[in-house]
Amino acid sequence: MATVMLRTSLLFFVALMTLHAQESSFHNAPASAAAEKNPYDGQASAISAGKTSYASHCAACHGVSAEGTGNVPPLAHGALQGVPDGSIFWYITKGGLENGMPSWASLPAADRWPVVTF
């Protein structure tokens, strides 16, 4: 009986954690942002433009090679991997001052998407 209760409890815990993971989003990005497709995905010219823009706007905090600096998270690896491009674009646009991330809404979308692509 104890084994059955333990298994049931474990299955409930796993289901609860899976549900929580599905409900959580990157910095509370709405589902509509996560569903937005990157119009420059995989385009070499966008990657190049994004690299230039990253160097100008992002490298001072996130590091030249996107390895992170101090308490600023890395972008080249870690938690950002697997986040939908639309959610990243939304966060770059909105920012998160509570996390020290400025809003880059002043940059045209045609400049923000290449950073995501890079």
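Two exercises on a predicted model follow, each with a worked solution. Residues are numbered from 1 along each chain as its sequence is written. In this predicted model, local features need pLDDT of at least 70, side-chain atom pairs count only at pLDDT 80 or more, and totals for chains, interfaces and linings use all residues.

**Exercise 1. State the fold content and the burial of the chain.**

Step 1. Take helices as DSSP runs of H or I with at least four residues, and strands as E runs of at least two, numbered from the N terminus. The chain has six helices and zero strands. Its pattern reads α-α-α-α-α-α.

Step 2. Call a residue buried when its relative accessible area is under 20% (1.4 Å probe, protein chains only). By that rule, 26% of the 118 residues are buried.

**Exercise 2. Describe the largest pocket and its lining.**

Step 1. On a 1 Å grid over the protein atoms alone, a pocket is an open set of points where a 1.4 Å probe fits, with protein on both sides within 12 Å along at least five of seven lines; lining residues have an atom within 4 Å of a point. The volume, the space filled by probe spheres set on the points, is about 790 Å³ for the largest pocket.

Step 2. The lining holds 32 residues. Nearest the centre lie His62, Pro73, Pro74, Leu75 and Leu80.

Step 3. Helix 3 (44-57), helix 4 (59-62), helix 5 (85-94) and helix 6 (109-117) each supply at least two lining residues. Helix 5 gives the most, with three.

Step 4. Sort the lining by residue class: 22 are nonpolar, ten polar and no charged.

Methods: Side-chain values use heavy atoms; hydrogens and water are left out. Ala, Val, Leu, Ile, Met, Phe, Trp, Tyr, Cys and Pro count as nonpolar, Asp, Glu, Lys and Arg as charged, and the others, Gly among them, as polar. Buried means under 20% relative accessible area, exposed over 50%, partly exposed in between (1.4 Å probe, protein chains only).
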